[in-house]
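Let me put the thing on the screen and then we'll walk through it.

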Amino acid sequence: MPNMSLTKVPMPEQAPDVRNKNFEEVATGYTEEMAMEEAKRCLNCKHKPCVSGCPVKVRIPEFIQCVAEGDFSKAYEVITSTNSLPAVCGRVCPQESQCESKCVRGIKGEPVAIGRLERFVADWYMKNGSDRVEKPASNGHKVAVIGAGPAGLTCAGDLAKLGYEVTVFEAFHTAGGVLVYGIPEFRLPKEIVKKEIDKLEALGVQIMTNMVIGKVLSIDELFDEMGFEAVFIGSGAGLPRFMNIPGEGLVGVYSANEFLTRMNLMKAYLEDYDTPIRKSKATAVVGGGNVAMDAARSAKRLGTENVYIVYRRSEEELPARAEEVHHAKEEGIDFQLLTNPVRILGDDQGHVTGIECVRMELGEPDESGRRRPVEIPGSNFVLEVDSVIMSIGTSPNPLLRTTTKNLEANKRGCLIADENMKTTREGVYAGGDAVTGAATVILAMGAGKTAAESIDAYIKSKS
Amino acid sequence: MFKIVKKRQLNSSVVLLEIEAPFVAKKAQPGQFIIFRTDEHGERVPLTIADFDREKGTVTIIVQTVGRATKLLGSMNEGDSIRDFVGPLGVPTHFGDAKRVAVIGGGVGCAIAYPQAKALHGKGVHVDMIAGFRSKEIVILEEEMKAVSDNLIITTDDGSYGKHGFVTNALQELIDAGNQYDLVVAIGPIPMMKFVCQVTKPYNIKTMVSLNPIMIDGTGMCGCCRVHVGGETKFACVDGPDFDGHQVDFEELMRRNANYREMEQEENEHICRLTGGVRTNA
């Protein structure tokens, strides 16, 4: 009998006033009983609309039936046949706009908690499952992957399963891309990312860290000297934007990338790590995306008393996930909506003392379809802060496109790739933020998956 | 892991390390830098490449042991390995078609000025080199610099060796004596580079400086190393580290570099008390 409850089994969470002082995971995950109860809400529809909403096409009703029956091992097998990083996806995918948005149960009541169930299965398997991985037999073909973020890791995992010898080149000292430097510990524990990556290595994927492709090796050298037959570029969109307003050179102004890299990758909040970070009394985070929420909530956890989100449109247009906005509010983040920075103020030591903002109202829709924010003259005011984190977006790093012949990009600096992730250069594929500009983890994974299929077809067609 | 194959103490706080890093050695060019991290808990710290040997696959760095990370690195010995060593980063130096150049190094900056002089000298350019130090005890690389310049002037602030005074005094004297330079290269502490630029500005002598802002990744993804050059925001790790000194906002750079000074001092006291400068949990 299906469970006909209109609402999801609630997710256990740390209390807001407890969790905003620690870096442990906010949501603590389903128990076996909760998972089985939630799984019984799935109607196992014949036409499976949920699957069409998943960029990596997880066989959702099938794995959920396994959970309902208590066969978590089998559920894991079903998920990982199409998804290389389930513990990550279950946590950070915006399910409300993907799989869960298509769920029939969502027409009347809440959709099935697909993300929470995927996370449960992945976590259960990490704890109870076998850590033996069957390494597929080599097919003798070599593929290079540039960037060890979600796109690159997915592409590498899928190719390794097909028998390719895959080498991933990562610029940082740790693989994971935004999963390790961007998304904070309290949303995605780094230990979990590490375990998922260890599994890929057990599949035979070789990861070379400290390798900045475009500097230490060119794409030409990967082909000509190192014998790779195809290259996948998953180098992301890591170049931060600034607003070009006065005061951005003051001490205490960070890009969100810098702030989050110090926090997450370098663990600046832990005493036994050497990388420092400024302790602030009040912080303004400029922007309204998931990265802004991550930065604001991290700042709060560092002990910052007042943390403001400064966003020029209204709540409705906030690009961050509703769940993240909700969590941020619960944790005491102060939302200054319809507000835009004009300049950053400093003292005679060059340290930030405040941010001058102007109130906005929404005018006519612009070309993106969103109502354009317009300044209200004379509404300027100053938020007293001693640090500012700019989180107004990123664009792809120009390093690869400027050092590789015949690799074309559009005017926003994004690599041009077709629906099969094929770039303008033969044998070179690209996907994820490097192609789309800053987007989501799961879209990057979907692109990595498609690219792996294209690369497989390309290499087979040649040999 | 990257093995230390040679270590030489140049003075009491400056050490030369030759490190096995074949990929970096193969591509390194004068003016580029690396980022190192000694161990899992360490910071990422940038250092300019002082020399490289493509055949041996080694890269030489010269480091002043001033803070926790550099002290840890300096405490390591031949045969030890460091966790991370990434590069070559930044844009190689472009000297243009300069015929007569003054290369100026300040303190440990001489370690970076030296390969520049060597590269210029090797191209047949006339090189006058000025190397400034606080006092006699910390003079480094004198023989090496002498070998790659037409004229080497060593200055000490206290007059204990060479010419008494700052590098700027020596440069002014050379200019006053009628030497005409079409390029000045200045590498050292920020105030030194700033004052060299003040000397060359009235004569309109192109002056190249190598900036040393705080960095994290060194690949252009965080903007920690941003500097204002001619009013524009530049990331020193990808647009530099060389810039036209007459365009650089040195005051801002100095302020930004002092960002973590208090924390560093605390750390230094902390580490000295506990472990005498060497991490125990490494």
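So, in which hand, left or right, does H8(A) pass H17(A)? It's a right-handed crossing. Keep in mind that what you're looking at is a predicted model.

Let's stay with that pair for a second. H8 covers residues 150-161 of chain A, H17 covers residues 441-462 of chain A, and the two pack at an angle of about 35 degrees with their axes 7 Å apart. On the H8(A) side, the residues in contact include A:Thr154, A:Cys155 and A:Leu159. Among those they meet in H17(A) are A:Ala444, A:Gly448, A:Ala452 and A:Ile455. If you sort the residues of this contact by type, you get 10 nonpolar, 2 polar and 3 charged.

Next, cysteines. How many disulfides does a search of the whole structure find? Over all chains, 0. A:Cys93 is buried, by the way, at 7% relative accessibility. Over in chain B, the sulfur of B:Cys224 has B:Cys222 as its closest cysteine partner, 4.9 Å away, so again too far for a bond. B:Cys224 is buried as well, with a relative accessible area of 6%.

Last bit, the interface. Chain B puts 45 residues in contact with 42 residues of chain A. The area buried between them is about 3,600 Å², and carbon and sulfur atoms give 54% of that. On chain B's side, B:Phe23, B:Met221 and B:Tyr260 supply 18% of the area that chain buries against chain A, more than any other three residues.

How values were computed:
Residues are numbered from 1 along each chain as its sequence is written. Chains are lettered from A and ligands numbered from 1 in the order in which they are written. This is a predicted model: local features need pLDDT of at least 70, side-chain atom pairs count only at pLDDT 80 or more; totals for chains, interfaces and linings use all residues. Side-chain values use heavy atoms; hydrogens and water are left out. Axes are lines fitted to C-alpha atoms, for helices over the stretch in contact, and angles run from 0 to 180 degrees between N-to-C directions. Helices (H or I, at least four residues) and strands (E, at least two) are DSSP runs, numbered from the N terminus. A crossing is left-handed if the near helix is turned anticlockwise from the far one by less than a right angle, and right-handed if clockwise. Contact means heavy atoms within 4.5 Å. Ala, Val, Leu, Ile, Met, Phe, Trp, Tyr, Cys and Pro count as nonpolar, Asp, Glu, Lys and Arg as charged, and the others, Gly among them, as polar. A disulfide is a pair of cysteine sulfur atoms within 2.5 Å. Buried means under 20% relative accessible area, exposed over 50%, partly exposed in between (1.4 Å probe, protein chains only). Buried area is the accessible area (1.4 Å probe) that two parts lose on being put together, summed over both.
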